[in-house]
Amino acid sequence: MNAHDLDPLHEPRALIELVNVEKTYPGAEQPAVRDLSLAVREGEILVLVGPSGCGKSTTLRLINRMIEPTSGSIIFEGADVTNTDPNKLRRQIGYVIQQIGLFPHRTIAENIGTVPRLLKWDKKKTAARVNEMLELVGMDPSIYGPRYPRELSGGQAQRVGVARALAADPDVLLMDEPFGAIDPITRDRLQNEFLRLQAELKKTIVFVTHDIDEAVKMGDRIAILREQSIIAQIDRPEVILTDPADDFVENFLGSGAILKTLTLNRVRDLDLAPVPPVLPGASRTQALAAVEESSSGVAILLDAQEHPVRWVDRRSLDNAAKPIEQAGRSVNVMLQPEDTLQDALSAMLQTSTGMSVVVDGRGRYLGCVTIESLASLLVQTQNGAA
Amino acid sequence: MNESRASRLDLIVTPAIGLLLAVLLFVVWNYSDMDPTTERILEPANLARQLQQQLILAFWSTLLVIIVAIPLGIMVTRGGARGLKNTMVGFLGLMQAIPAYGLIVLFFVWLGQGATTVILALAAFSLLPVLRNTIVGIEQVDPSVIESGKGMGMTPVQRLARIELPLSVPVIISGIRTATVITVGMGALAFLIGGGGLGETINAGLKLNRPTAIFVGAALVALVALAFDFAGALAQRYLHPKGL
Ligand SMILES: Nc1ncnc2c1ncn2[C@@H]1O[C@H](COP(=O)(O)OP(=O)(O)OP(=O)(O)O)[C@@H](O)[C@H]1O
Ligand SMILES: [Mg+2]
């Protein structure tokens with residue numbers, strides 16, 4: 001569930017608040033972060049995105065006081081932590097950096113047990129927690145626990161980094177380009193895994209990236225930052241994509257902003273076009289009747305398991321030499337309700353009809369989606385957001 | 001990684017050279033004609049005392065170096081001591097540029113005769129490799145590892161003890177190895193200011209022109225140096241952090 005699914009009148013409370021925070025590095029003339037006020041709501045993924053050097057990392061590191069603000073205050077779980085023991089604070093906040101920073105001389109199990117050990121958990125509890133964490137990120141504890149970091153692939157190391165950050169069950173997770181140094185395919189997989197994890201864990205997450213696509217994918221809300229960490233716009237991704245606040249945001253989104261909204265919606269959000277099914281064993285007359293009745297002039301031939309097998313239209317049925325089971329074209333591409341509209345669009349572009357078949361999890365026919373239904377949803381989203 | 005492969009080689013080469021030298025020493029000792037002067041120089045009781053002195057000198061000066069240089073190295077790598085660090089490394093480098101002989105004499109002028117003076121001089125001379133390697137060892141630790149430790153709430157002391165030092169052990173030990181070899185070798189000059197050691201035998205051999213005595217003295221010094229180096233190689237092998 002996304003934060004924006006919640007009732008807007010009952011906004012979740014802010015777990016972290018930056019109040020008029022300013023940071024000027026020693027020797028620097030200009031502040032790296034200027035008068036920043038920002039609230040992170042409980043249970044959301046707030047993505048900080050912006051061009052290189054705009055102060056994303058600095059902002060993130062102010063939260064767990066890796067660096068001290070020059071002025072302003074940081075509120076964590078309702079209490080001002082600007083002047084408390086930073087080490088104590090950091091043990092309550094998970095932190096993942098791009099370089100991961102696993103301890104090379106410690107086993108994976110010891111790495112994950114770092115914060116529990118700092119918190120003086122007993123050995124048994126720590127060991128159990130370490131195993132739980134490894135399983136959570138999909139790694140077999142008996143295989144990977146005793147290994148050393150250099151024996152892991154980049155993707156595995158990244159998973160261990162996340163497991164280590166989660167080990168002491170912090171409410172808050174700070175992630176600084178956690179999937180930055182990974183190949184695109186692995187990154188995509190890690191992002192999906194992480195979103196699935198988050199759906200379960202419901203942590204409060206501040207996520208830094210300079211990749212707008214990653215921001216749109218991961219964020220419940222996105223804060224677009226300009227130099228000195230000045231917030232250009234902070235809102236739900238669909239609002240930012242369809243209604244950028246100014247030229248800076250628009251430029252940052254790039255030309256593909258509308259296309260990006262395609263990743264926000266799913267096939268299940270589309271209206272299904274009534275393309276009638278033709279059941280197996282139907283006569284040619286029955287099939288023709290179905291085609292006649294169809295507004296799009298086509299029907300879908302199903303097999304005994306209700307799987308769609310062929311597209312048929314009038315012309316293909318007129319050819320009496322061919323049995324019905326071989327009429328028309330075979331159905332090659334099928335969508336599921338969970339697929340994004342981006343998947344849907346590319347599926348539709350592969351068919352000459354501009355339509356694509358939608359099936360349920362077991363491959364049974366549900367209906368068809370058309371380019372028109374996709375376009376009208378986009379228009380709706382845009383109007384709705386504006 | 002190179003370092004560990006090198007130390008594995010040391011574990012074979014160093015004892016092999018040592019063995020060869022020992023055999024040679026045995027042959028020379030038993031089969032060369034010794035005139036009474038040579039025999040007097042090579043009086044076993046004398047040699048045993050000198051050997052013991054040599055070992056003691058090397059041991060204490062190395063220990064002193066470790067006790068001083070490692071904490072010093074740690075101290076100057078804590079933030080804000082950059083200037084101090086450079087000055088110190090520069091100063092110690094200068095000190096190493098003074099010939100060993102000169103340094104021992106300087107210490108003699110300052111502190112007078114005796115083994116303590118020798119130990120201090122040796123320590124001063126071999127401080128640099130350990131200090132430098134401690135600094136290099138700590139500074140070569142991947143900053144992101146320290147950053148992540150800090151981010152998880154490790155205190156500065158925990159970061160030092162659990163991350164920085166373990167990860168710099170190989171480099172530090174290699175500095176200590178260099179230091180021990182220096183102290184053993186330089187210990188041969190201890191006799192100059194009444195510090196004893198095998199230098200007495202070598203010196204007597206030189207003065208009285210007795211090559212056999214020179215060889216025996218020098219070979220014993222070399223054996224001690226090899227023994228220390230071998231101990232260092234063992235330490236490097238077995239104290240090397242797992243996972244690296
Ligand atoms: N430790 C530091 N000392 C001095 N200046 C710094 C330090 N860290 C960052 N800065 C400066 O502060 C500004 C913001 O840096 P920051 O690392 O927060 O940017 P960023 O948005 O994370 O960039 P990137 O996307 O490249 O990671 C930059 O101008 C940078 O040069
Ligand atoms: Mg950054």
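Contact is taken here to mean heavy atoms within 4.5 Å, and in this predicted model the contact of chain A with chain B draws on 24 residues from chain A and 22 residues from chain B. Residues are numbered from 1 along each chain as its sequence is written, and chains are lettered from A in the order in which they are written. Local features need pLDDT of at least 70, and side-chain atom pairs count only at pLDDT 80 or more, whereas totals for chains, interfaces and linings use all residues; side-chain values use heavy atoms, with hydrogens and water left out.

The area buried between chain A and chain B (the accessible area, 1.4 Å probe, that two parts lose on being put together, summed over both) is about 2000 Å², of which carbon and sulfur atoms give 60%. In chain A, the residues that lose the most area to chain B are A:Phe103, A:His105 and A:Leu118, which together account for 26% of what that side buries.

One salt bridge, defined as a side-chain nitrogen of Lys or Arg within 4 Å of a carboxyl oxygen of Asp or Glu, is found across the interface of chain A and chain B; the side chains of A:Arg61 and B:Glu147 meet in a salt bridge at 2.2 Å, N to O.

A:Ser316 is buried, with a relative accessible area of 16%, where buried means under 20% relative accessible area (1.4 Å probe, protein chains only). Not counting residues up to four places away in sequence, A:Ser316 touches A:Ala327 and A:Gly328.

Terms used
Buried means under 20% relative accessible area, exposed over 50%, partly exposed in between (1.4 Å probe, protein chains only).
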